[in-house]
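Here is a short tour for anyone opening this entry for the first time. Take a look at the picture, then read on.

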Amino acid sequence: MTADPGEGPHVRHELGAYVLDALTADEARTVSRHLRSCDRCAADYVEAAEAVSLLALLREEDLPE
Ligand SMILES: [Zn+2]
């Protein structure tokens, strides 16, 4: 096993961009590695993903055909 990077900086402020797939490959890898070792950020990620899909639904309904 390698050293656990779980004590690194939290990634909360990157989660929005991560959910929207707007991070660089490097950043996305850092975030996904952190999510695997940090329950708190993982929970925030789930919330962000849900918020984004809700927004997507709203936006879809708002579209004038
Ligand atoms: Zn974290």
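At what angle do the axes of helix H1 and helix H2 cross?

## The overall picture

First things first: what you're looking at is a predicted model. The protein contains three helices and zero strands, so reading along the sequence simply gives you α-α-α.

The protein has 65 residues, and buried ones make up 18% of them. Now take the contacts between residues at least 6 apart in sequence: 59% of these join residues at least 24 apart.

## How H1 and H2 meet

Back to that opening question. Helix H1 covers residues 12-19 and helix H2 covers residues 25-37; their axes cross at roughly 115 degrees and come within 10 Å. The crossing of H1 and H2 is left-handed.

Who's doing the touching? On the H1 side, the contact is made by Glu-14, Leu-15 and Tyr-18, while H2 brings Ala-28, Val-31, Ser-32 and Leu-35. Sorted by class, the contact of H1 with H2 has five nonpolar residues, one polar and one charged.

## The loop in between

Between H1 and H2 there's a loop, and Asp-21 sits in it. Asp-21 has a positive phi of about 60 degrees, even though it isn't a glycine.

Is Asp-21 buried or exposed? Its relative accessibility is 67%, and because anything over 50% counts as exposed, Asp-21 goes in the exposed group.

## The zinc site

Which residues hold the zinc ion? The protein donors are His-10, through ND1, His-34, through NE2, and the SG atoms of Cys-38 and Cys-41. These donors lie 1.9 to 2.3 Å from the zinc ion. If you'd like to find them along the chain, look for the spacing H-x23-H-x3-C-x2-C.

His-34 has a relative accessible area of 4%, and for Cys-38 the value is 7%. Buried means under 20%, so His-34 and Cys-38 both count as buried.

Notes: Residues numbered from 1 in each chain as written. Predicted model: local features only at pLDDT ≥ 70, side-chain atom pairs only at ≥ 80, totals over all residues. Heavy atoms only, no water. Donors = N, O, S within 2.8 Å, 3.2 Å for Na, K, Ca; no water. Buried < 20%, exposed > 50% of the residue type's maximum accessible area, 1.4 Å probe, protein only. Axes fitted to C-alpha atoms, helices over the stretch in contact; angles between N-to-C directions. Helix = DSSP H or I, 4+ residues; strand = E, 2+ residues; numbered from the N terminus. Left-handed = near helix turned anticlockwise from the far one by under 90°. Contact = heavy atoms within 4.5 Å. Nonpolar A, V, L, I, M, F, W, Y, C, P; charged D, E, K, R; others polar.
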